[in-house]
Amino acid sequence: MAISDSIMENEVGLFKRKSDPLRFSDLADLKNQNIIVGTVAGYINPKELYDANIQTEQVSDDALNMLKLANGRIRLVLIDKRLGAYLAEKQKTLDQIEWLMTLEIIPLRIGIMKNSSGDWRKRLADFNAALLAMKRDGTLSAILARHGFR
Amino acid sequence: MKKMNNREKRNPASIQTLVVMGLVIGATMLIAVMGITYYAYNRTTQEKKVARDNENLCDQFAASLEYPVWNFDATQVRIILESAFLDESVAAIALNAEQMRYSFVSDSEKGSRETIILPPIGNRIVGNRSITHKGAPIGTLTIYSDIGVVLAKLNSDLFFFGSIIAALDIFLIASLFILLRVIILRPLGVLEQYARSYEPGSARPPFGKTKFFGELASLRASIEKMASLLEQRYAELQRAAATLGENRKFLDDVVQNIPAMIFVKDAENLAFVQLNKTGEALLGYSFAELAGKNDRDFFPADQADFFIRMDKNCLAEGKLIDIPEERIFTKTQGERILHTRKIPLADTEGKPKYLLGISEDITEKKDIERQLRDLNATLEQRVAERTAVLEVLNKELETFSYSVSHDLRTPLRAIEGFSQLLSQEYSKVLDSEGKRRLNTIIANAKKMEALIAGLLALSRASKGELKFSKIDMNKVVAELCDELLDEKSREEYSLIVNDLPPAWGDSTLIRQALENLLSNAIKYSGKSQIKTIEIGASSAQGFCTYYIKDHGAGFDPEYSGKLFKAFERLHGQKEFEGVGIGLAIVKSIIARHGGSVRAEGAPDQGATFYFSLPLRSV
């Protein structure tokens, strides 16, 4: 599979409730306080989280984690910052939560199967060229903004 | 009789009907009880199972829902809640948690559907569980199980199995009926037919080819045995009836021919119901004429009244009455005199039913009695006259005999005395022949003295007034033994004296008789080896008989008639001394007491002398 240039970046980190007086110095401190972090089954989480051996509680999708956070069932949620904000807004709990920290930034790309019909190199090149053009003329930003990405 | 036959014929059918009804009712009740028991048991079991399942479901679903509820995973929660309806007993399920309130009910088409308000569930079991996460409650689960679903299936099963059991029941009833009919009812019908048509004396009805089993086979054998016994009893009864007929004829013949009038009257009307031939001959009426009529129809009023009064007395007293003499006016013989006995005859309850009369015609007897009375009146006078004459003659004879004996003794003693003096004072003068003749005179004088003494004794025994008193015979015999036996003799003689009853008589004379007999026994045993004398007595027929038995010389029985005659002797003077008057005196004494004497004996074998005296309560 051939991978394109980055379209945008995912900022993966932790959300908390505004009312939660959580204080910690680093991930090891979270571990020491037995803080449970809500995660989604099947997702690859940041390596630091694994390294710190922090206790996690998995659900089937991110919306549930945001709901649990808003209802106090977990104190931290590991989620894409933009996705988290989107879901909280949808769940009308955006005013109750806040971004705590970013653990990882992940570029978003598309993949083209090399064994698919047609010329994958041309396709990849065309996509990258068009992407670059959209970034430059502000089209990409406008589209993202239209869909709530700031 | 016809109705009875019909009833008898219906009996076997009734038993069959009863058996069929019994089988049907019994089997139906059995099935009903089994069905009810089965239903009740299964219902209880199913209810318990549903309750248990409900508990298990609550446990399982509460556990399954922990994380979905905790995670607000509505999709998962729905899936889990809807999966509860895989159990067909679950009627509804409800979850109440933060942000999550769901209720589902059973739906016949979709399996389940979500609802806001649960519909009423009639026969249900409700299970509640708290959903916890790490010990903290996060929601409540409620599961409603519907017993009706189980019961519907149970009812369906019951109907199914009930149908099968009903079919089996019909089959069972039919089989049992056939079995009962073959084993019991048919043989029973045959036995009933046999018993109904059986008559002693006629041929026994056949049993046919019907098979008999078990007790019915025994019953058949018993009935056959009973039939045999009945035949025997019937034959015996016939023989007894024939014998009874003969006996009745015999008895009738006896009654008819008894030489006394026998009649029977009924107790109610005193009408004649029986009269024998003697009665017919006596009264001059046949029984046919008298039958059903009473005394007033035939006899004079006064006689009839008397007869009826006596009849009523007899019936009222309930016992025999004796009428020694009653007069009756007969048709052909005029007036007769009867001796009648009347006896009441009672029925089985003891009430007088008949009156039996037995009348003896004593007319001739009464005539003879009258003649005898007349004759006796003259006869007694003649006897008294003769007796007076005889008594005078007897007195004169006794006086003469005593006088002769007494008067003879004086010259005899003179002869003997002077002969003794002659012998003593003139013995030197007399030669030997003179002495011998003089001794002969003395001896004969003594003998004559003895004879005269005997005659006097006999005379004394035969006259004089008897002075009766109670005599202790044991005492008299003891005194005589002492007197008659000296010390030496007592050693020689052996006396056996049995207990002797007392006698009633003149003690002097009875003692004299005993002395004579006892002295005879001692005298005639003197030359015998055995000197045993036995004295005893026994009582019979109003007399007490005393005996004296010895083992001495005895006597020839051919001459026993002479024993008790005066001066008759069966032994010579040289052999045994005596004048032959003792036994005559004994006979005279005993005869005067109204008794008798006799003797038994044989030469050299002893003799036994008996004398009997009338018994009297002494």
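Student: How many residues of chain B are in contact with residues of chain A?
Tutor: This is a predicted model in which local features need pLDDT of at least 70, side-chain atom pairs count only at pLDDT 80 or more, and totals for chains, interfaces and linings use all residues. Residues are numbered from 1 along each chain as its sequence is written, while chains are lettered from A and ligands numbered from 1 in the order in which they are written. Two residues are in contact if their C-beta atoms, placed from the backbone, lie within 7 Å. On the side of chain A, 7 residues take part, and the number from chain B is 6.

Student: How do the residues on that side of chain B divide into nonpolar, polar and charged?
Tutor: Ala, Val, Leu, Ile, Met, Phe, Trp, Tyr, Cys and Pro count as nonpolar, Asp, Glu, Lys and Arg as charged, and the others, Gly among them, as polar. The side of chain B that touches chain A has 2 nonpolar, 2 polar and 2 charged residues.

Student: What pattern does chain A follow along the sequence?
Tutor: Helices (H or I, at least four residues) and strands (E, at least two) are DSSP runs, numbered from the N terminus. Chain A comes to 6 helices and 7 strands. Read along the sequence, their pattern is β-β-α-β-α-β-α-β-α-β-β-α-α.

Student: In what order do the 5 strands of the open sheet in chain B stand?
Tutor: Two strands pair if DSSP finds at least two bridges between them. The pairing in this sheet is antiparallel. Its edge strands, each pairing on one side only, are β7 (272–275) and β8 (321–329) of chain B. The order is β7-β6-β10-β9-β8.

Student: Which residue of β9(B) is the bridge partner of R327(B)?
Tutor: Strand β9 of chain B spans residues 335–346 and runs antiparallel to β8(B), with 7 bridges joining the two. The partner of R327(B) is I337(B).

Student: Which helix of chain B packs on the sheet?
Tutor: This helix touches β6 (261–266), β8, β9 and β10 (352–361) of chain B. Axes are lines fitted to C-alpha atoms, for helices over the stretch in contact, and angles run from 0 to 180 degrees between N-to-C directions. The direction of the helix makes about 160° with that of β8(B), and the helix, residues 301–317, is α8.

Student: Which residue in the turn between β6(B) and β7(B) has a positive phi?
Tutor: The two strands run antiparallel and are joined by 3 bridges, with V264(B) opposite Q274(B). They form a hairpin with 5 residues between them, and the residue with a phi of about 55° is L270(B).
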